[in-house]
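Good morning. I have one structure to go through today, and I will keep it short. Please have a look at it first.

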Amino acid sequence: MAELEYNLKELRNFFESGIRFNSLLNDKSPMHDVAKECYNALLTAHPIDNKLYKNMGINTLGKHLNKGDTDNKVKDTSNIIDDATDIIIDDGLISINPDCDNNDWYIKNPITLLSADKRNNGLNLYQPYLKPTGRLSDIAVIHSINPVGYKILPDTQLDLNIKLADIFNDNDLSCNVIIVDIGAHSNVSISEFIHAKNGTKIIKVLYLVREGATLNLDRMFDLNDKEESLCVLESQVIQFPGSTFNATMRSEGNSYNQDLMFIDVYKNCTTNVRGSHYLYENNKNNTVVNVHHKGPNSTSRVDIRSVLEDNAYSSFLGEIKVDKVAEGVDADLKNKNLLCSSNATAFTEPQLDINTKEITCSHGCTISNIDKDTLYYLNSRGIDNVAGGDMIKQCFLTQ
Amino acid sequence: MLVTQEFTIKVDNETILSDMTLEYGPGVHVIMGPNGVGKSTFAHALMGNPNYETEGAVEFNGKDLLSMETYERARAGLFISFQTPTPIEGLSNFQFIKQAMTSLDKNQSIKENLSSFRQSAKDLGLGAEWDKKQLNVEASGGEKKKNELIQLDMLDPQTAILDEPDSGLDIDAIKVLVEKLRAFVDKGDKTLIIVSHYAELITKLHPDTVTILDKSGKATQTEDIQVAYDILENGFNV
């Protein structure tokens, strides 16, 4: 097949063409049924037209031309393999990193890699969590080759370094569906590195944090090769009763980024989501954090911060939803933006949807400039404007 | 040596202080004046606060001070302690002083810096973990003033302008303040300019000159220290 150029909307015409052997075509895929559902929904309304994206500069993504060339797919692992990563994930692929410093950790730890290549992999059991959303992550479900994932067995203590890689050095769309299943009463810390590519990635990750478990997620977007990188990462988190989910997201400039997190919180849970984004040049970063309290006596804290320079753009859409049964919830939602350029734009939209009484719920959003008094204080100690400005930005992101 | 000639300070085109010709050499100098007369304005205008417009001339150790940016004035050896020090969340006291020391080319090892910082904090009765606390965040007024004194200690400028360094300090802390300021001046070739109406501080520091700022926006400097004591006893209206 010759090189094929298409934008995301045009992709609808190619799902069944065989440009990729995706979960829709592959009736043996563990996600085949749900891929069909997503496809049927997409034929009715294309996700890129979803109103959720109205302030996300979606045209940058919509107009981008993906270049498919099935004859010349070349693997390039030069930027992928390192000795710190434990597990490497790409579309339909999951493997232990052969070069990691201590690769017998896998044998010692109660972890199961979920791959469609294995018999009785159980991946189809996760289909109910991946129903159509009307969002771009549906494209990942339809168009990924197969879902992959890893399952941590109950009562496990584990630190993991995960790389969401892109093995093929091409400009084609890359889709991933990843299942992360944290067993009951486990305590797991995951450092998740999102490898940038010269093109679009759409990734859907489902995190199941089982009863009494703790998941500490530290997500870092690639600091290199990001000038042409467009990334849509949608996380769906299910917090079972008594669980804790602590997430930290960090990025520094992407041509286009969407980091969407939808969290369902059941009773007696703790949720902390922290984001810090340093944006410059023409970077666009869009963050959505939706915390849905479905059970009582849980606590959630959301704090997303961005520093914007040059022509950078940031949008934040945050929602705390509290169901009628979720009494005793304590929730706080914050978004703070530091605008360092008159050409930069920050858009912030916090929402509270409260359907019960006896809760504590607050939100606050700010867009501010570098404080002149603070800079003067630093200047008065010999720190010049450049170093002082950098200190203020760094403090803003880390405070 | 800090010399002002016909130094005028304006805010939004309104003159606050005008035509001040003053001289501050090594030693102790006190600035006094009724509330709202512009004592802090004078101090911050010398430091280069961008909120103030200035006219006239100010020479600092032979250099044209008014042509310098604030950070350049600090690097030239000028220091100001703030009446209300600015809080910076996310920045620890020690990170701040470390960056300031680097900017001022005060090259000591981090270990030496930290040791000096902790000793200075200990002298002032601040907690053992003071170096890790965020700069002027969740600190009392007195603690913030002590923090300014630590900075004076560590940065060791040639000329220090202290804006009411005694306010917010308890009796014990004032004793330490007097000791530290005396020690600063006794290093020799140091100039200490203090805005204060605190009798004990003025008495113990034995000032060399007193500058009175009046409500008409004028400044009068004298070596007759009795003027300061008369003001302390009778106020400005006598």
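This is a predicted model: local features need pLDDT of at least 70, side-chain atom pairs count only at pLDDT 80 or more; totals for chains, interfaces and linings use all residues.

Before anything else, a term: two strands count as paired if DSSP finds at least two bridges between them.

Which strand pairs with E14(A) over 10 bridges? That is strand E12 of chain A, residues 230-239, and the pairing is parallel. To take one bridge from it, A:Val232 has A:Gln258 in E14(A) as its partner. E14(A) also pairs with strand E16, residues 284-293 of chain A, again in the parallel sense, over 9 bridges. Here A:Asn257 is bridged to A:Asn285 of E16(A).

Now chain A as a whole. Chain A has 6 helices and 21 strands. Its C-alpha atoms fill a box of roughly 65 × 50 × 50 Å along the principal axes. For 399 residues, a compact globule would have a radius of gyration near 21 Å, and chain A has 21 Å, so the two agree. Of those 399 residues, 49% are buried. If you take the contacts between residues at least 6 apart in sequence, 83% of them join residues at least 24 apart.

In soluble globular proteins, nonpolar side chains tend to be buried together. The largest nonpolar core here has 87 residues, and the members that touch the most others are A:Ile89, A:Val141, A:Val209 and A:Leu215. Strand E10 of chain A, residues 200-209, gives the largest share of this core, 7 residues. Another core lies apart from it, with 78 residues, including A:Ile392 and B:Met101.

Back to A:Ile89 for a moment. Leaving out residues up to four places away in sequence, A:Ile89 touches several residues, among them A:Ile94, A:Val148, A:Ile162 and A:Ile178.

Last, the interface. How many residues of chain A are in contact with chain B? There are 17, and they meet 19 residues of chain B. Helix H5 (372-379) and helix H6 (385-398) of chain A each supply at least two residues of this side. The largest share, 6 residues, comes from H5(A). By type, the side of chain A that touches chain B has 7 nonpolar, 6 polar and 4 charged residues.

That is all from me.

Note on methods
Residues are numbered from 1 along each chain as its sequence is written. Chains are lettered from A and ligands numbered from 1 in the order in which they are written. Helices (H or I, at least four residues) and strands (E, at least two) are DSSP runs, numbered from the N terminus. The radius of gyration is taken over C-alpha atoms; the globule rule is 2.2 Å times the number of residues to the power 0.38. A residue is buried if 20 or more other C-beta atoms lie within 10 Å of its own, exposed if 12 or fewer, and partly exposed in between; C-beta atoms are placed from the backbone. Two residues are in contact if their C-beta atoms, placed from the backbone, lie within 7 Å. A nonpolar core is a set of buried Ala, Val, Leu, Ile, Met, Phe, Trp, Tyr and Cys residues joined through C-beta atoms within 7 Å. Ala, Val, Leu, Ile, Met, Phe, Trp, Tyr, Cys and Pro count as nonpolar, Asp, Glu, Lys and Arg as charged, and the others, Gly among them, as polar.
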